[in-house]
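Please look at the model before reading on.

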Amino acid sequence: MESQNDREIAIRVEGLTKSFGDKVVVRNLSMTVKRGQIYGFLGPNGSGKTTTIRMLCGLLTPDSGQGTCLGYDILTEADRIKERVGYMTQRFSLYQDLSIRENLEFVARIYGLENPTQAARDAIERLGLKGRENQLASDLSGGWKQRLSLGACILPSPDLLLLDEPTAGVDPKARRDFWNEIHALAAEGLTVLVSTHYMDEAERCHEIAYLAYGELLTHGTVAEVIGRSGLETWTVTGPEPHDLALELESTPGVDMVAPFGTSLHVSGRDHPALDQALKGFKARKDLTWERSEPSLEDVFIDLMQRSRDNFVEAKP
Amino acid sequence: MMNAPLRRRASAFSRFAAMFVKEFIQLKRDRVTFATMIIVPLMQLLLFGFAINTNPRHLPTAILLQEDSDIGRAIIGALKNTSYFDITRIASTRAEFDGWIKSGDILFGIEIPANFARAVRRGDNPSLLVVADASDPVAAGTALGSLDGIIGTALRGLHGLPDNSGAQPFTIVQQRRYNPAAVTSLNIVPGLLGTILTMTMLIFTSLSVTRELERGTMESLLSMPIDPLQIMLGKITPYIVVGFVQAAIILLAGVTIFAVPIDGSLALLIGVTILFVTATLSVGYTFSTIARNQLQAIQMSMMFFLPNILLSGFMFPFAGMPGWAQVIGQMLPLTHYLRTVRGIMLKGASASDLTTEIIWVAVLTVVVMSIAVTRFRRTLD
Ligand SMILES: Nc1ncnc2c1ncn2[C@@H]1O[C@H](COP(=O)(O)OP(=O)(O)OP(=O)(O)O)[C@@H](O)[C@H]1O
Ligand SMILES: [Mg+2]
């Protein structure tokens, strides 16, 4: 029973806490990631995504908490975890003064692949880097650096990929290719934990988790996260959306107003209060109201606002 | 587990090799470092080569004649005939020529004491005092070495000398000032070999770990299955080759420019040099694991370098140092390397003569490496 569980679970951690100095960066974080899943990690800057990922692969020691990664204890078996995990860092961290080929051969040797030269050559072909394999990594554009990093991560055929904002600053086409590749890898059984700030990427994940101020606020499939938010959202179109937004925001019962193209998303958690609040606005002839689903972004902004309020309140 | 089966043969050796190849490529690509490697030892040697006058001529000399005798005059005449000494002054008191030596007006003072001639003829073997400014040790050494012969020749033609052919009828008492160790070029080349290697090797490895930290590559490296020992060996080994090349350059120049002999076994010399280079690289590497950034690493290296110059026996004779200084000196690989190299090059010492020193270097290497491996931070905490 236990072993079967282990087989299906790639990551299971409980109560992870990490502080730097007296600043708690990750607080009591628990999460479970099933094998073969693409798990999205979202949250504002400084919410602790990178710190959590580093604790998962043994680069940081949690102050408290425990858990396993690929069945290995994150506290005591970091060496075993490193053998089976590919970690793509947020900042490019391969060798800038080595060429693409030399970087890949380095990785291949570290993981003890049988024929490093051949392995690197295959990877270059797969990555579409043929013809530029002798270019120094420092000469590559941002997008190509990301491709190289991903290529280096998957070269030793790991069981788990930890990708920290792999598509930051990458153009849309490259981003789509990247995600297609990640889905292809997941289909082969690879588990992927990926942090991102892009909502469209979040929607391509099997499951997502949202962090703010070091706390995991919600997790589940996109539909679950939206459903659980309890938000009621209306889309309104009309003249002077900016003034309208200010007006709506100051109305009690409206929890959040977010511009959405030329229209506004108006959301509230307390449904009767929201109806009450919007009554006057709905009577206005120049505005068109339409009931809509809250977007993932609405949910996240709301979560972040609430958690900030809590965070500020909690402080003396 | 649904992945394609891995064709892995993960061995400690392949990880070491990964690190080694990587470091070697980086080294090759870093033109400045590469240039430093070759240019620094050459520059140092050439500077010393010009600064040290290996064939001194016309050294300003003062004579203090306490008597007027044929022997005294013969000695002065002979000194005038050599190109080594230029008798520029005649002193009337000891204090006078002491003052000249101090001010650098003369490099030699020769005192012919009262009753010298009579004592020589009586066979009393009197003393002839020679005061030398040995701050330029090579100049002083060569000239002093020739003095015996010059004076001996001068006396040969005089009558009434005791006939004990071979031995001189007097004793030259040398007083070396300002450099009692009497370091000569023969001592300097082995010393330079050791100190140049210490300096360059320290700087190369003391940057190696901090560089990865500062460039952010440490994060990737630490997430890979490689352990501190493999990282260390992979980072040190390419520089052993560098150290070897440097040593070869210095030795070659030493042998050709300074005519320093290599009396002992060249193979032994190469062997201990490699061992010493490894020891010094480990020290630098250890600093690198402790330092937070490259500047700190360089500062640590400099702090380590200073006692190496002062306490290793390079500058001051080891035996003359106070006890505490000797204890520190013993802890420095350079101390033992200097003894070994001087032994091999100048005295033709064999491995069995040098066992203690070689063991010292080896033990220091192992100790320092163990510190480096345990100090190596395996996380980013
Ligand atoms: N080594 C460290 N020492 C001190 N503080 C740190 C350290 N690493 C991270 N922090 C702090 O911890 C907090 C969380 O950082 P982390 O990098 O985990 O956030 P993140 O969610 O990855 O943010 P981003 O989206 O900007 O990448 C930040 O406030 C950061 O300043
Ligand atoms: Mg981050």
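Buried area is the accessible area (1.4 Å probe) that two parts lose on being put together, summed over both. By that definition, chain A and chain B bury about 3600 Å² between them, and carbon and sulfur atoms account for 51% of it. The model is predicted: local features need pLDDT of at least 70 and side-chain atom pairs count only at pLDDT 80 or more, while totals for chains, interfaces and linings use all residues. Residues are numbered from 1 along each chain as its sequence is written, chains are lettered from A in the order in which they are written, and side-chain values use heavy atoms, with hydrogens and water left out.

**Extent of the interface**

- Contact (heavy atoms within 4.5 Å) involves 38 residues of chain A and 35 residues of chain B.
- Leu59(A), Tyr95(A) and Ile110(A) supply 17% of the area that chain A buries against chain B, more than any other three residues.

- Six salt bridges (a side-chain nitrogen of Lys or Arg within 4 Å of a carboxyl oxygen of Asp or Glu) cross the interface of chain A and chain B.
- Lys18(A) forms a salt bridge with Asp381(B), and their closest N and O atoms are 2.4 Å apart.

**Chain A side**

- Helices here are DSSP runs of H or I with at least four residues, numbered from the N terminus.
- Helix H3 (78-84) and helix H4 (100-110) of chain A are the elements that give two or more residues to the side touching chain B.
- H4(A) gives the most, with five residues.

**Domains of chain B**

- An automatic or database assignment gives chain B domain 1 (59-177) and domain 2 (184-380).
- The C-alpha centres of domain 1 and domain 2 of chain B lie 44 Å apart.
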